[in-house]
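Please keep the model open beside you as you read.

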Amino acid sequence: MTAFPYTTDQNGIATILIDMPGAVNVMNDAFTTGMAETFATIAQDAAVTGVVLASAKSTFFAGGDVKGMSAAPKGGFNQLITEGIARGRTMIRAMERLKVPVAAAINGAALGGWL
């Protein structure tokens, strides 16, 4: 079981439905780690011919987790960002290494993260 389960249709298109806890989907440790795990799982699934990222929320993606970043311990913000960037790179690299096309079905606002 991956952090972001996916379904595969009869044509081999895997749909990852992003539905994080809370009102919006945000870029945080749970997102970057979970998506990297999901991409790694998909990479091993020979039945997958393509990937679609979709959101269960009315906002596709709200960007960086401002609440999480503001909760960084005093003097620990730089470390938080450095570690977050490393996890983000791992996630992006896992997506880049997929041997199939990846597309996003953007159904609302899609803001950037803090990578």
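## A polar contact to begin with

A polar contact is a pair of N or O atoms within 3.5 Å; within protein, one atom must be able to donate a hydrogen and the other to accept it, and residues adjacent in sequence count only if both atoms are side-chain atoms. Here, a polar atom of the Thr-38 side chain lies 3.2 Å from the backbone oxygen of Phe-4. Thr-38 sits in helix H1, residues 29–43; helices (H or I, at least four residues) and strands (E, at least two) are DSSP runs, numbered from the N terminus. With a relative accessible area of 0%, Thr-38 is buried. That term stands for under 20% relative accessible area, with exposed meaning over 50% and partly exposed in between, using a 1.4 Å probe and protein chains only.

Before going further, a word on the source: this is a predicted model, in which local features need pLDDT of at least 70 and side-chain atom pairs count only at pLDDT 80 or more, while totals for chains, interfaces and linings use all residues. Residues are numbered from 1 along each chain as its sequence is written, and side-chain values use heavy atoms, leaving out hydrogens and water.

## The phenylalanine cluster

How many aromatic pairs does the structure hold? There are two, where rings of Phe, Tyr and Trp (its six-membered ring) pair if their centres lie within 6.5 Å; planes under 30 degrees apart count as stacked, over 60 as edge-to-face and the rest as tilted. Phe-4 and Phe-31 make an edge-to-face pair, 5.8 Å from centre to centre with 75 degrees between the planes. Phe-4 belongs to the segment before strand S1 (6–8) and Phe-31 to helix H1, so this pair ties together parts that are 27 residues apart in sequence. Both Phe-4 and Phe-31 are buried.

Phe-31 also pairs with Phe-61, this time in a tilted arrangement: 4.9 Å centre to centre and 55 degrees between the planes. This pair again links distant parts of the chain, as Phe-31 is in helix H1 and Phe-61 is 30 residues away in the loop between strand S3 (50–55) and helix H2 (66–70). Phe-61 counts as buried because its relative accessibility is 7%. Taken together, ring pairs join Phe-4, Phe-31 and Phe-61 into a cluster.

## The four-stranded sheet

The strands form an open sheet of four in the order S1-S2-S3-S4, with mixed pairing. S1 and S4 are at the edges with a single partner strand each, so one side of each has no neighbour in the sheet. From one strand to the next, the twist averages 25 degrees. Strands count as paired if DSSP finds at least two bridges between them.

S1 and S2 run antiparallel and are joined by three bridges, with Thr-8 partnered by Ala-14 in S2. Their hairpin has four residues between the strands, and Gly-12 takes a positive phi near 85 degrees there. S2 (residues 13–18) pairs with S3 in the parallel sense over six bridges; Thr-15 stands opposite Val-52 in S3, and Ile-16 opposite Leu-53. S3 and S4 (residues 102–105) also run parallel, joined by four bridges, and Val-51 faces Val-102 in S4.

## Faces and packing

## Asp-19 in the loop

Asp-19 lies in the loop between S2 and H1, and its relative accessible area of 46% makes it partly exposed. Leaving aside residues up to four places away in sequence, Asp-19 touches Phe-4, Asn-25, Ala-56 and Lys-57, where contact means heavy atoms within 4.5 Å. With Lys-57, there is a polar contact of 2.9 Å between the side chains.

Definitions and conventions
Axes are lines fitted to C-alpha atoms, for helices over the stretch in contact, and angles run from 0 to 180 degrees between N-to-C directions.
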